[in-house]
Number of protein chains: 2
Amino acid sequence: MAEERIRVDAQKLRKLAALELQAVGVPEQDSEVMADVLVTADLRGVETHGIVSLVAFYINGIQEGRINPKPEIKITETGAATATIDGGHGLGYAVTYRAMNKAIELAGKAGAGFVTVKNSTHYGPGFYYPMMALEHDMIGIALTNSPVPEVVPPGSTKIAVGTNPLSVAAPSNKQYPFVLDMATAVVAAGKFRKAILEEKPIPEGWAIDKNGKPITDPNQRKPDNGGILPLGGKPELGVFKGFGLGVMIDIFTAILTGSAPAIFQKEKGTCHFVGAFNIGNFIPVDTFKNRMDEMIEAYNVLPKLPGVKDIYIAGGYEAKVQAEREANGIPLLKKVIDTLQETAEKLGVEYSLV
Amino acid sequence: MAEERIRVDAQKLRKLAALELQAVGVPEQDSEVMADVLVTADLRGVETHGIVSLVAFYINGIQEGRINPKPEIKITETGAATATIDGGHGLGYAVTYRAMNKAIELAGKAGAGFVTVKNSTHYGPGFYYPMMALEHDMIGIALTNSPVPEVVPPGSTKIAVGTNPLSVAAPSNKQYPFVLDMATAVVAAGKFRKAILEEKPIPEGWAIDKNGKPITDPNQRKPDNGGILPLGGKPELGVFKGFGLGVMIDIFTAILTGSAPAIFQKEKGTCHFVGAFNIGNFIPVDTFKNRMDEMIEAYNVLPKLPGVKDIYIAGGYEAKVQAEREANGIPLLKKVIDTLQETAEKLGVEYSLV
């Protein structure tokens, strides 16, 4: 099923995405933020959260009224280190970009800053927001709920919690930054969609059916037939840890904003929790960044199992992919390019990627 | 191998532990803190981190000069939301108790507070410190490094990172509080010691040997023969997530304090990172706590797999154990009681548990 891919320049892709968003009413600055988030995901090889979702999720979401392109975003400072945001059902990208900037501003003054966001929508690839803290010599964190339950708690086979991802970034000096971006389930839901598309079975340990038996046919995972397992998978291999992390994120996002966790039937919405820690409040920044370099280098000189070329900490592989794609372009599926160009034409946007 | 257990009153156990610590030079207030931490672990069924380690780890550690019973503890406020502590190689319990109180004080004013601790020693059961935040209507967090590497990164079979636990607590109203306390490895090292004592094999997925093959005989895990696997265990089941969490904790503890992560050969020490978030800065406290109650109740009415009686979020099972043991005493192994009483006699402490 090898499909044709064409290398596309990242800057051109940003431009087209921004123009299309502007054409459906997104203000210029927000359109540029969102375009950069999506293209950065593709640059880093996180294709599931890249430009592929622009039309299906966001352009359509705006045109069908689910997403408000020009929301009233209310930011309320509530303490030296805290603020809350009502996202007005706008694009999660634009709302969370503001939230992270507010957290960075608070951390610049108080040493740490945290912002909760309610009435938002999907914010895409979680790594982008904590990475905004890096150039400020801060550690960044972003948590988001997934308001639709897809994960079964240990002891049940009924979906009750979201895949609730956790993202953290910390700067280095000459090396790549640490960038952890992980679902708290064994896998994110996108992996099932990918397996269905590729007509491949899934490994035992990703999901169970309504009787608690492992699912290996990805089509068998349905809202009324079991669900994804929390990270750890089984009691003896740590499933209570993955479940605990998932619930923790519902607490920091849904409950701390007054929305409702995924297990509830009502009042649910997409909510986020972002924060920044100013490294200089704890230790000289150079000491921190140089230690990060040394740690990254120490991992990569460990003895390696046969076939292993590099040992990266989180973010290392993605940084390598990003460097290559910034130089040579992003290898997009031809059908993704076609969708983008067809949408441009429909929206009256004149811009060609290739 | 059923061994005799005797029920011991928690308050009596606190008293004896405090007296023994005072006898080796620990100030009264610190001795009471440490006694309460250890006994609370036993009350909550976390026996590996309870009173069993008082003599072997701490009384002996003080008598052999590894732990300073009367350290000079320096607290430096560095921002409205931040402080750093030099623990002076004192008892991790007493140092972290002060750190958490400082974080709570900062959060009371700024909305959030974070304190790093260097030159500390083992702080025992991680859940205790975030739980200190509960009565202040705050969410608490505590991270600690394990300076001795015991966990292998994916791609290698050489131990490089600690089991680095993460602990978070959040209050409810009428229900039990959320208390997550987890190693970022599949299991903590104590589970191997327990299996050796009980002469039982360990499940495949806990550890690998130097060739990458699963270890099922707990005696085969040695510093030069592989190590514990990060949570997730295998690439297709999320091992990069567990490894990422472990490294994240080295960053927040060892690197953010200017100490060194476990992979380094030198400058290593035990370091912590604790924090508190004041719920009232984000949402009315009652709304938060009532939502926590509703969430806990919603989990427990989910359909259950055969043999499952209750579905708890993190901390629920421990709260149930605690209620029973507070009423009926802690079932301690007779040999643990004997060791405590023999040590009392050696130290000139006159106090009988039973």
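Modeller: In this predicted model, helix H2 (residues 28–43) of chain B packs against helix H4 (residues 92–110) of chain B at an angle of about 95°, with their axes 9 Å apart. Helices (H or I, at least four residues) and strands (E, at least two) are DSSP runs numbered from the N terminus. Axes are lines fitted to C-alpha atoms, for helices over the stretch in contact, and angles run from 0 to 180 degrees between N-to-C directions. H2(B) and H4(B) are therefore roughly perpendicular, the class for 65 to 115 degrees; under 35 is roughly parallel, over 145 roughly antiparallel and the rest oblique.

Residues are numbered from 1 along each chain as its sequence is written, while chains are lettered from A and ligands numbered from 1 in the order written. As the model is predicted, local features need pLDDT of at least 70 and side-chain atom pairs count only at pLDDT 80 or more, whereas totals for chains, interfaces and linings use all residues.

From H2(B), Asp30(B), Val33(B), Met34(B) and Val37(B) meet Tyr93(B), Ala94(B) and Tyr97(B) of H4(B), contact meaning C-beta atoms, placed from the backbone, within 7 Å. The residues of this contact comprise 6 nonpolar, no polar and 1 charged. Here Ala, Val, Leu, Ile, Met, Phe, Trp, Tyr, Cys and Pro count as nonpolar, Asp, Glu, Lys and Arg as charged, and the others, Gly among them, as polar.

Turning to the interface, 63 residues of chain B are in contact with 64 residues of chain A. The elements giving two or more residues to the chain B side include strand E2 (74–79), strand E4 (112–120) and helix H7 (239–255) of chain B. H8(B) gives the most, with 7 residues. That side of chain B divides into 39 nonpolar, 19 polar and 5 charged residues. Because 100% of the interface residues of chain B are also interface residues in chain A, the copies meet through the same surface.

Chain B can be laid on chain A with an RMSD of 0.1 Å by a turn of 180° and a shift of 0.0 Å along the axis, with superposition by least squares on C-alpha atoms of residues with pLDDT of at least 70 in both. The two copies are thus related as by a two-fold rotation axis. In chain B, the C-alpha of Gly232(B) is nearest that axis, 2.5 Å from it.

Definitions and conventions. Contact = placed C-beta atoms within 7 Å.
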